[in-house]
Amino acid sequence: MSDTSRPKPLPVITEENRPFWEGCKRGVLLLQYCEVCQRYQFYPRLYCMQCGANALRWEQASGRGVIYSYTIIRQNKSPEFVNDTPYNVAIIQLEEGPRLMSNIVEAAPEALRVDLPVTVVFDPVSDAITLPRFRLI
Ligand SMILES: [Zn+2]
């Protein structure tokens with residue numbers, strides 16, 4: 001028997017990403033926005049990856065995007081995930097520009113296609129962490 005009670009690994013909150021995770025907990029998807037080059041970035045960092053400025057502020061994202069790429073996981077021997085298969089891992093192209101890795105919820109594997117529009121949903125998985133996942137729209 002596998003130990004399916006072992007908790008799943010969760011993101012680690014740092015000073016750089018704390019606003020992002022606090023936003024998710026409130027049901028808001030936040031992205032860093034560079035006031036110099038006027039671009040969004042994800043994941044959170046101390047400096048803008050485009051121009052190097054540290055003039056970053058947090059902005060609420062629309063939560064909308066499209067599936068940029070995805071895969072269906074049909075086998076995962078890790079005890080934390082063995083009962084989840086099949087499940088998907090998707091890269092979401094957000095309207096604001098950045099891409100983030102997540103899952104599409106409430107969708108059969110056959111329903112997924114590149115470029116399908118999605119919107120964010122928030123999945124509280126622990127006291128501290130609410131994961132942004134996406135559903136088809
Ligand atoms: Zn910049």
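Visitor: Which strands form the open sheet, and in what order?

Guide: This is a predicted model, to begin with. Three strands make up that open sheet, in the order S2-S1-S3. The pairing is antiparallel.

Visitor: Which ones are the edge strands?

Guide: S2 and S3. Each of them pairs on one side only.

Visitor: How many bridges join S1 to S2?

Guide: There are 2 bridges, and the two strands run antiparallel. For a residue to look at, take glutamine 32: glutamine 41 in S2 stands opposite.

Visitor: What holds strands of a sheet together, in general?

Guide: They pair through backbone hydrogen bonds, either parallel or antiparallel.

Visitor: Let's stay with S1. Where does leucine 30 sit?

Guide: Leucine 30 is in strand S1, which covers residues 30–34.

Visitor: Buried or exposed?

Guide: Leucine 30 counts as buried, because its relative accessibility is 10% and the cut-off for buried is under 20%.

Visitor: What does leucine 30 touch?

Guide: Leaving out residues up to four places away in sequence, leucine 30 touches Pro19, Phe20, Gly23, Trp58, Glu59 and Gln60. Here is another distance to check: glycine 63 is 33 residues from leucine 30 in sequence, and the C-alpha atoms are 8.9 Å apart.

Visitor: New topic. Which residues are the protein donors of the zinc ion?

Guide: Cys34, Cys37, Cys48 and Cys51, each through its SG atom. They lie 2.3 Å from the zinc ion. Their spacing in sequence is C-x2-C-x10-C-x2-C.

Visitor: Why is the arrangement around the zinc ion called tetrahedral?

Guide: Because the 4 donor atoms subtend angles of 103 to 120°. The ideal angle for four tetrahedral donors is 109.5 degrees.

Visitor: Which parts does the pair cysteine 34 and cysteine 51 tie together?

Guide: Cysteine 34 lies in strand S1, and cysteine 51 is in the loop between strand S2 (40–41) and strand S3 (56–60). So the pair ties together parts that are 17 residues apart in sequence.

Visitor: And are those two cysteines buried or exposed?

Guide: Cysteine 34 counts as buried, at 0% relative accessibility. Cysteine 51 is partly exposed, with a relative accessible area of 39%.

Visitor: On to helix H1. Which of its residues are buried?

Guide: H1 spans residues 18–25, and its buried residues are Phe20, Trp21, Gly23 and Cys24. They cover an arc of only 155° around the axis, so they are on the same side of H1.

Visitor: What do they pack against?

Guide: The buried residues of H1 pack against S1, S3, S7 and S8.

Visitor: What comes just after H1?

Guide: Glycine 27, which takes a positive phi of about 80°.

Visitor: Which residues touch the most other members in the largest nonpolar core?

Guide: Trp21, Ile92, Leu94, Ile104, Val118 and Phe134, out of 19 residues in that core. H1, S4, strand S5 (87–94), S7 and S8 each supply at least two residues of this core.

Visitor: What does tryptophan 21 touch?

Guide: Among its contacts are Pro11, Val12 and Ile13, and also Ile129 and Leu131, not counting residues up to four places away in sequence.

Visitor: Last one: how is S7 joined to S8?

Guide: A hairpin joins S7 to S8 through 5 residues. The two strands run antiparallel, with 7 bridges between them. Valine 118 stands opposite leucine 136 in S8. S7 also has 3 bridges to strand S4, again antiparallel. There, arginine 64 has threonine 119 in S7 as its bridge partner.

Conventions. Residues are numbered from 1 along each chain as its sequence is written. This is a predicted model: local features need pLDDT of at least 70, side-chain atom pairs count only at pLDDT 80 or more; totals for chains, interfaces and linings use all residues. Side-chain values use heavy atoms; hydrogens and water are left out. Helices (H or I, at least four residues) and strands (E, at least two) are DSSP runs, numbered from the N terminus. Buried means under 20% relative accessible area, exposed over 50%, partly exposed in between (1.4 Å probe, protein chains only). Contact means heavy atoms within 4.5 Å. Donors are N, O and S atoms within 2.8 Å of the metal (3.2 Å for Na, K and Ca); water is not among the atoms, so sites may look incomplete. Four donors count as tetrahedral if all angles lie between 85 and 135 degrees; four count as square planar and six as octahedral if opposite donors are over 155 degrees apart and all others between 65 and 115; anything else is irregular. Two strands pair if DSSP finds at least two bridges between them. The arc is that of the directions from the helix axis to the C-beta atoms. A nonpolar core is a set of buried Ala, Val, Leu, Ile, Met, Phe, Trp, Tyr and Cys residues joined through side-chain atoms within 4.5 Å.
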